[in-house]
Amino acid sequence: MEIVEVGPRDGLQNEKRVLPTAVKVEYVRRAIGAGLRRIEVAAFARPDRVPQMADAEDVLRAVPRSSAVRYVALVMNARGLERALALGDARPDEINYVVVASDEFSRRNQGVTTMESLAAFRAVAQRARDAGFFVTLTVAAAFGCPFTGEVPVSRVRQIVQQAGPLDELCLADTIGVGVPVQVAELAAAVRGVAPLRAHFHNTRNTGYANAMAAMDAGFVALDSSLGGIGGCPFAPAATGNIATEDLAYLLNRSGLKTGVAVPAAAEAGAWIGAELGLDAVAAQLGRAGDFPAVAN
């Protein structure tokens with residue numbers, strides 16, 4: 001099971017403290033040191049709305065480059081793609097484009113309806129693929145909307161059916177309301193469109209159960225953030241992502257190969273928490289330790 005580290009983007013964007021570029025780059029270095037090989041490092045968002053991502057270009061120019069590591073950047077519109085393209089050799093390997101499943105949340109997040117956002121995605125995706133980017137569509141709030149409530153499975157299916165060609169489809173529980181039954185239902189509704197990735201928040205302590213349900217439903221990648229930091233700045237009470245170190249422990253102990261070294265991931269999670277001025281991060285492994293413990 002592939003773990004996609006989203007802490008440097010989705011993790012940091014909801015934290016109050018805006019970190020210097022050098023600290024963000026060190027965060028990426030520590031993620032790589034823990035064995036993570038696919039990392040979402042930046043978002044091409046408006047600096048006035050998401051000041052934590054104002055240095056997206058600087059981060060991408062500074063992160064270490066290796067053929068073994070793939071970098072992802074969030075693109076919100078055509079302008080975001082232009083910024084990615086303008087980076088030349090420092091551009092990301094992949095773009096992740098978010099379409100929000102409910103109109104109300106979409107308007108608040110991006111200023112357009114869901115279908116208007118989807119139309120923009122199709123145009124951006126075509127240009128991005130022509131330019132050699134791997135393209136992921138993330139359907140945000142696929143499990144529920146903070147403003148209008150339940151999101152029908154049929155709504156998510158409609159979005160996916162009209163999305164056009166995809167390299168990857170990510171279903172996101174942006175506000176952490178989902179349960180395993182929904183994971184199975186949504187997977188059945190969109191299976192076959194593209195390889196499936198899932199993005200879970202642990203707002204109501206269902207994130208890890210959902211991750212296991214995603215594994216059983218055929219998802220091939222799961223998002224998480226070191227330390228379990230993050231959330232959505234445009235959704236009330238949206239707490240952090242499931243924690244990379246906790247997820248890696250769960251998957252590793254379940255016999256799946258993640259490539260993530262849990263102790264190093266826990267150290268990185270504690271480190272970023274300290275840089276953010278947090279008393280403690282949400283992740284449990286930094287407190288409980290790996291098992292079995294390594295003998296001294």
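Trainee: What makes Arg155, Val156, Ile159 and Val160 count as buried in helix α7?

Mentor: In this predicted model, those four residues of α7 (153–161) are buried, a term for under 20% relative accessible area, with exposed over 50% and partly exposed in between (1.4 Å probe, protein chains only). Helices (H or I, at least four residues) and strands (E, at least two) are DSSP runs, numbered from the N terminus.

Trainee: How do you know which side of α7 they are on?

Mentor: They are on the same side of α7, because they cover an arc of only 135° around the axis; the arc is that of the directions from the helix axis to the C-beta atoms. An α-helix has 3.6 residues a turn, so residues three or four places apart point the same way.

Trainee: And what covers the buried residues of α7?

Mentor: Contact means heavy atoms within 4.5 Å, and the covering elements include β4, α5, α6, β5, β6 and α8.

Trainee: Why is alanine 141 called buried?

Mentor: Its relative accessible area is 0%, and the cut-off is under 20%, so alanine 141 qualifies as buried. Alanine 141 sits in the loop between β5 and α7, with a positive phi near 55°.

Trainee: What makes asparagine 205 exposed?

Mentor: Its relative accessibility is 66%. Asparagine 205 belongs to the loop between β7 and α9, and its phi is also positive, near 60°.

Mentor: On conventions, residues are numbered from 1 along each chain as its sequence is written, and side-chain values use heavy atoms, leaving out hydrogens and water. Local features need pLDDT of at least 70, side-chain atom pairs count only at pLDDT 80 or more, and totals for chains, interfaces and linings use all residues.
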